[in-house]
Every structure is written in structure tokens, then in C-alpha cells.
Amino acid sequence: MLGDVSGLRNGKPWPKRGSVINISDDEGEALCASGMAERVQGRAPTEKATPRKDDTETR
């Protein structure tokens, strides 16, 4: 997303500027044409789950 969008999308707030969202090609093309988004190749980055240090089990 290149800009912030106000309101809701499918009952949830739009992602913030700089975020990646997976949407249909038609919706993505419309956002890109309006200058609100740019197409990215590949998959969106995912966070790696790591336990918090205070939750680490000791044996």
C-alpha cells in the first residue's frame, strides 16, 4: 500500500501504508491504477514465530 485508506474492507480496517495485502487481481489492478498501491512479486513476508525469553522451558 502506498497510501492510507480510510474506512473498512470486509469489516476490517485497511492495512497501513507500506503493508502488503493479498487481494484479487481485479481489486489490485484498480488500487494500482489509482496510485494507492503497487504490485509486488512473490509472497508477502511472514513473521517467524519465536518464543519469548521468559516463556522458554528449562530442563
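What percentage of the 59 residues in the chain do buried residues make up? Buried residues make up 12% of them, where buried means under 20% relative accessible area, exposed means over 50%, and partly exposed lies in between (1.4 Å probe, protein chains only).

This is a predicted model, in which local features need pLDDT of at least 70, side-chain atom pairs count only at pLDDT 80 or more, and totals for chains, interfaces and linings use all residues. Residues are numbered from 1 along each chain as its sequence is written, and side-chain values use heavy atoms, with hydrogens and water left out.

**View 1. The chain and its elements.** Starting at the N terminus, their order is β-β-α. Helices (H or I, at least four residues) and strands (E, at least two) are DSSP runs, numbered from the N terminus.

**View 2. Asparagine 10 in its loop.** Look between β1 (8-9) and β2 (12-13): the loop there holds asparagine 10. This residue is not a glycine, yet its phi is positive, at about 55°. Asparagine 10 counts as exposed because its relative accessibility is 68%.

View 3. Now move to the segment after α1 (25-33), where you will find alanine 37. Alanine 37 counts as buried because its relative accessibility is 12%. Leaving aside neighbours within four places in sequence, alanine 37 is in contact (heavy atoms within 4.5 Å) with Met1, Leu2, Leu31 and Cys32. Leucine 2 is 35 residues away from alanine 37 in sequence, but their C-alpha atoms are 4.8 Å apart in space.
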